[in-house]
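Open the model in your viewer and keep the sequence panel at hand. The stops below are given as selections, to be made in order.

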Amino acid sequence: MKNSYRRFALVNLIGLVLSGWLVTWISRSGTLDFWIERQFFDPLTHRFPLKNAHQLVFLGHTLLKNVTAVGLIVALALALASSWGAYLKPWRRALATFCLMATGSALLVQGIKDHSVHACPWDLAMYGGRDAWYPLFDRMHAVVEMGRCWPGGHASGGFAIIAGYFALRTQRPQWARAALVLGLALGTVMGGVQMVRGAHFLSHNLWTLWFVWAMCFTMDGLIQVVSRCWPRRRGIAAALDSMRAAVRADELTDAAM
């Protein structure tokens, strides 16, 4: 691999390890998560007053969710159209990479969430619900009902736009940075709305960002390896074909003599 990518990979690996350790500490402590959610919880009514606020539900749970879904569908349509359109052909790899990374990241978060025992804030006993809170990665000594609320699935739609940063990083650096800022902004807003409503802790959304970045980085590394091995493989195949042709020509020559 080129030295530039080695540096990029090293920075990402170090960043993922350190941020993973930090978010694990936040998740297991719960202090910051609880403090933030208390700001939006009414202890007199034992509920989150903004849980069903129409404006928040429309903005964070309907509008932005649909915008990110439509954006992915458009990118997928353009990736398919790039096989026929000359104008889109130079963007085929970037579009396909974005679709794979964005979809893979969202599916990863949703898959983990579907098998999670951790409940949403509004389902916890301390916030008027019935479920118990468990530190992340603690061993469960009894059968626990699936809370299915970790990591934050809703924010994954916004954070998945970060895939554009990896897809355009070498081809269009400025666009890549714009995709990074947009993905972070959308994920933060969508995750923040859920926190205000009592649907997720801060750590839930931070883990979503961590998983999305880790998935994009992993897929980017695999693409780098394949792209470097593929020309070599084609070269070897061409050399073998030439050797077979030479051997065949010698056999024909010997047969004619």
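Select Asp138: in this predicted model, its relative accessible area is 32%, so Asp138 counts as partly exposed. Show both side chains: Arg28 and Asp138 meet in a salt bridge, 2.9 Å from N to O.

How many salt bridges does the structure hold? There are 2. For the other stop of this kind, select Arg169 and Asp220, whose side chains form a salt bridge at 3.7 Å, N to O. Arg169 is in the loop between α6 (163-168) and α7, and Asp220 is in helix α8 (residues 202-256), so this pair links parts that lie 51 residues apart in sequence. Are these two residues buried or exposed? Arg169 and Asp220 are both buried.

Next, switch to a surface view and select Phe58, Leu59, Leu63, Val67 and Val189. Together they make up a nonpolar surface patch with about 400 Å² of accessible area. Which helix gives the most to this patch? Helix α3 (residues 54-81) does, with 4 residues.

End on Val189, a patch member that is located in helix α7 (residues 173-197). Val189 has a relative accessible area of 38%, which makes this residue partly exposed.

Terms used
Residues are numbered from 1 along each chain as its sequence is written. This is a predicted model: local features need pLDDT of at least 70, side-chain atom pairs count only at pLDDT 80 or more; totals for chains, interfaces and linings use all residues. Side-chain values use heavy atoms; hydrogens and water are left out. Patches are made of residues with over 30% relative accessible area and no salt bridge: like charges are joined within 9 Å, nonpolar side chains (Val, Leu, Ile, Met, Phe, Trp, Tyr) within 5 Å. Accessible areas come from the Shrake-Rupley method with a 1.4 Å probe; for residues, only the protein chains shown count as cover. A salt bridge is a side-chain nitrogen of Lys or Arg within 4 Å of a carboxyl oxygen of Asp or Glu. Helices (H or I, at least four residues) and strands (E, at least two) are DSSP runs, numbered from the N terminus. Buried means under 20% relative accessible area, exposed over 50%, partly exposed in between (1.4 Å probe, protein chains only).
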